[in-house]
Amino acid sequence: MSPRERHYWLMKSEPDAFSIDDLKRKKQEAWDGVRNYQARNYMRDGMRVGDKVFFYHSNCAEPGIVGIATVATGAYPDPSQFDPKSKYFDPGSSRDNPRWMLVDVKFVKKLKRTITLKELQTDAALDGMVLVRKGSRLSVQPVEAEHWEHILALE
């Protein structure tokens, strides 16, 4: 594999399902249950071990960036797609040709404060960021290096 520049990502999770505190406690966790092709493609084709990730709490009273993680593994088949008891079961996926992939993420730190979606949306320096685009709902999305640095400075 040839060297490449570091990539940055934002991954959304509902805090009542899996929070930054859960990741802190577990240290590393598989990011399972992604059932959107574009988000899957980002994990499968774009993410590499060592890439940095903003951990984002969604669908809660105060959505926003709450922590930092790193990509800990390359992409591999999401085992929940093969489990008929899982809510993420996909009868159209096979072990020979898995449809859904995941990566493991590793806890780095919890931010001192939540950098709220409202704050991000009103920051002119973040114009063009996927998260603040109208209609953007992807649970896994790229973050430009300049946006990453700017957001880190907001903490």
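## An exposed loop residue

Lys27 is exposed, at a relative accessible area of 56%. Here exposed means over 50% relative accessible area, buried means under 20%, and partly exposed is in between (1.4 Å probe, protein chains only). Lys27 sits in the loop between H1 and E2. Its phi is near 75 degrees, which is a positive value in a residue other than glycine.

This is a predicted model: local features need pLDDT of at least 70, side-chain atom pairs count only at pLDDT 80 or more, and totals for chains, interfaces and linings use all residues. Residues are numbered from 1 along each chain as its sequence is written, and side-chain values use heavy atoms, with hydrogens and water left out.

Asn59 lies in the loop between E3 and E4. Its relative accessibility is 60%, so Asn59 counts as exposed.

## The annotated domain

UniProt lists residues 8–153 as "domain: EVE", in an unreviewed entry. UniProt positions are in the numbering used here, feature names are shortened, and annotations may be inferred rather than shown by experiment.

Over residues 8–153, the chain is 21% helix and 30% strand. Helices (H or I, at least four residues) and strands (E, at least two) are DSSP runs, numbered from the N terminus. The end C-alpha atoms of this stretch are 15 Å apart.

## The nonpolar cores

The largest nonpolar core has 20 residues. Such a core is a set of buried Ala, Val, Leu, Ile, Met, Phe, Trp, Tyr and Cys residues joined through side-chain atoms within 4.5 Å. Met11, Leu23, Trp31, Met43, Met47 and Val140 have the most contacts inside it. Two or more residues come from each of E1, helix H1 (20–26), helix H2 (37–46), strand E3 (52–57), strand E4 (64–71) and strand E7 (104–116). E4 gives the most, with three residues.

A second, separate core has 16 residues, including Leu10, Leu111, Leu126 and Met129.

What does Leu23 touch, not counting residues up to four places away in sequence? Its partners are Phe18, Gln28, Glu29, Phe55, Ala69, Val105, Lys106 and Phe107. Contact means heavy atoms within 4.5 Å.

## The largest pocket

Rolling a probe the size of a water molecule over the atoms shows where empty space is left. The largest pocket holds about 860 Å³ of space. A pocket is an open set of points on a 1 Å grid over the protein atoms alone, where a 1.4 Å probe fits, with protein on both sides within 12 Å along at least five of seven lines; lining residues have an atom within 4 Å of a point.

Strand E1 (8–13), strand E2 (28–30) and helix H3 (117–121) each supply at least two lining residues. By class, the lining has eleven nonpolar, nine polar and nine charged residues.

Is Gln81 buried or exposed? At 0% relative accessibility, Gln81 counts as buried. Gln81 lies in the loop between strand E5 (76–77) and strand E6 (101–102). Leaving aside neighbours within four places in sequence, Gln81 is in contact with Arg35, Tyr88, Phe89, Asp90, Ser93, Pro98, Arg99 and Trp100.

Ala145 is in helix H4 (residues 145–154). Ala145 is partly exposed, with a relative accessible area of 37%. Ala145 and Glu5 are 140 residues apart in sequence, and 9.9 Å apart in space, C-alpha to C-alpha.

Conventions: Points joined across faces, edges and corners; volume = space filled by probe spheres on them. Nonpolar A, V, L, I, M, F, W, Y, C, P; charged D, E, K, R; others polar.
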